[in-house]
Amino acid sequence: MIKKILLVIPLFMLLACNKSQQSTNQNNKTIDRDLSEITAGGTLKALTVYSGTSYFLYRGRPMGFEYELLNNLAEHLGLDLEIVIARNEDDLIDMLNTGKGDILAHGYTITQSRKRLMNFTDYLYLSQQVLVQKKPDNWRKMKLHQIQKELIQDPIELIGDTVSVKKNSSYAERIKNLSEEIGGEIFIDTLSGSLPAGKVIQQVVNGDIKLTVVDENIAAINASYFPVLDIDTPVSFSQRIAWGVRKSSPNLLKKVNSWVDSLKNTTDYYVIYNKYFTNKRQFRARVKSDFYSLNERKISPYDPLIKKHSQKLGWDWKLLASLIYQESQFKPQSESWVGAKGLMQVMPATARELGIQNTADPKESIQGGTMYLKKLYRSFDQVEDSIQRIKFTIASYNAGLYHVKDAQALCEKYDLDPLRWDQNVEKMILELSYPKFYNDPVVKYGYVRGIEPYVYVDQIFDRFYHYEQLFKNSSTLMGM
């Protein structure tokens with residue numbers, strides 16, 4: 001089991017970043033950190049940005065081409081994965097070289113200028129850059145040749161025109177080179193590096209900018225939702241799209257390249273690629289949704305209810321939202337094989353005890369579920385660390401209070417800390433799956449499938465981290 005992210009956060013407030021993110025180079029100098037140091041730390045820190053293809057949240061779930069591949073890579077390396085979000089794409093290479101991340105996992109075109117600053121991995125896919133422009137307003141009533149007459153069909157027609165691209169992007173570099181190649185000036189309107197490609201493309205749709213340039217696969221998936229766009233004019237030959245590592249990480253580069261080589265020979269790679277770059281139906285569903293992180297700062301349809309009842313717990317509402325997603329994926333009609341029902345998967349006996357008459361009612365389910373969580377939380381008043389106490393509570397919600405108490409008793413017997421979940425009680429909850437431990441005289445409630453609460457706690461905090469990143473970077477996401 002790979003544990004992805006461990007957070008250290010006080011109750012009632014959230015840190016801007018976790019402990020490992022704080023240990024950056026204070027002098028902003030390039031650091032030497034290769035595979036051996038990364039492996040010793042146990043965590044692969046991956047730099048990326050929010051975008052409609054690399055990394056985003058949709059209906060409470062982290063998704064993205066880079067995100068899914070990074071999970072695959074971390075598992076391949078036997079490491080935890082930590083996602084580090086850059087607020088501005090222009091900062092990615094500096095963040096890599098100053099140690100804020102170990103790998104730059106964003107679709108970067110391999111260019112000579114970038115190769116001077118970092119080492120590229122073997123390419124993940126090929127693409128070419130295309131001009132994104134808007135068709136005439138009445139294009140649906142026009143014939144094809146009439147539409148084409150209104151559009152730029154040859155890059156040479158860009159002479160004297162203005163193209164809007166991010167300042168330090170490969171697109172800006174390509175426009176500069178294109179100006180040289182065709183012997184005429186193309187003006188560049190520089191956009192903020194904090195804008196995701198999808199937001200730039202929407203500016204063309206809205207008429208805020210006239211022209212932009214993006215990779216063909218990104219243009220094509222966006223044009224499937226905005227048919228008013230024309231993306232048929234290439235401005236480059238095929239180019240290699242890859243990730244990057246520091247020049248001081250040759251062993252990491254070798255390992256990643258070996259992984260890339262084997263990955264591209266698997267069906268899984270093409271399934272993931274198609275999900276984010278060719279599946280038009282899924283893309284359109286995301287773009288239309290209020291619960292797509294590049295549209296709104298919403299996690300679920302039940303955010304107001306979750307916020308209201310999380311206050312009674314004294315927990316961050318996004319942590320409660322993560323627990324509810326874990327239970328039901330925000331589906332109020334969910335029912336487990338053991339009969340637990342509703343958003344918070346309350347068992348029938350517990351529902352009667354809490355006065356829940358209709359478990360499918362989101363209001364009743366969240367109200368009753370948080371009442372039960374508060375009751376469990378009070379059972380661990382001797383745990384002084386607020387986050388550890390929350391983890392005990394969450395584990396008890398999943399496995400039952402008395403199985404967790406049994407794990408604490410085993411900790412006392414085997415000289416572990418019974419008041420600390422991480423690396424202590426979580427170890428003993430795993431051992432309760434084996435006869436040697438569940439038959440121990442200190443254990444009163446017997447066998448439990450310990451991997452379930454172990455994973456449950458881990459995944460809830462992992463998802464909470466993603467929710468935190470969403471709200472911390474919300475101004476970037478909304479294009480502000």
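**Close-up views of helix contacts and selected residues**

View 1. With a relative accessibility of 26%, Asp 361 counts as partly exposed (buried means under 20% relative accessible area, exposed over 50%, and partly exposed in between, with a 1.4 Å probe and protein chains only). This is a predicted model, in which local features need pLDDT of at least 70 and side-chain atom pairs count only at pLDDT 80 or more, while totals for chains, interfaces and linings use all residues. Residues are numbered from 1 along each chain as its sequence is written, and side-chain values use heavy atoms, with hydrogens and water left out. Asp 361 sits in the loop between helix H15 (348–354) and H16 (helices, H or I of at least four residues, and strands, E of at least two, are DSSP runs numbered from the N terminus). Its C-alpha atom is 6.8 Å from that of Pro 332, although 29 residues separate the two along the chain.

**View 2. The crossing of H3 and H11.** Here the axes of H3 (residues 65–77) and H11 (residues 267–277) come within 9 Å and cross at roughly 160° (axes are lines fitted to C-alpha atoms, for helices over the stretch in contact, and angles run from 0 to 180 degrees between N-to-C directions). H3 is therefore roughly antiparallel to H11 (over 145 degrees; under 35 is roughly parallel, 65 to 115 roughly perpendicular and the rest oblique). From H3, Phe 65, Glu 68 and Leu 69 meet Tyr 269, Ile 272, Tyr 273, Lys 275, Tyr 276 and Phe 277 of H11 (contact means heavy atoms within 4.5 Å). Seven of the contact residues are nonpolar, none polar and two charged (Ala, Val, Leu, Ile, Met, Phe, Trp, Tyr, Cys and Pro are nonpolar, Asp, Glu, Lys and Arg charged, and the others, Gly among them, polar). On the H11 side, Tyr 269, Ile 272, Tyr 273, Lys 275, Tyr 276 and Phe 277 are buried. Viewed along the axis of H11, these buried residues fall within an arc of 165°, so they line one face of the helix (the arc is that of the directions from the helix axis to the C-beta atoms).

View 3. Follow H13 (residues 303–313) and you will find Asp 303, Ile 306, His 309, Ser 310 and Leu 313 buried. They fall within an arc of 135° seen down the axis of H13, so they line one face of the helix. These buried residues pack against H14 (317–328) and H16 (362–378). Turned away from them is a face with the exposed residues Pro 304 and Gln 311. Just after H13 comes Gly 314, with a positive phi of about 80°.

**View 4. H17 against H21.** The axes of H17 (residues 386–399) and H21 (residues 451–472) are 9 Å apart, and the helices pack at an angle of about 130°. H17 is therefore oblique to H21. Their contact has 11 nonpolar, one polar and two charged residues.

**View 5. H18 across H19.** H18 (residues 401–413) and H19 (residues 421–431) have axes that come within 8 Å and cross at roughly 110°. The two helices are therefore roughly perpendicular to each other. His 403, Val 404, Ala 407, Gln 408, Leu 410 and Cys 411 in H18 meet Asn 424, Val 425, Met 428 and Ile 429 in H19. Seven of these contact residues are nonpolar, three polar and no residue is charged.
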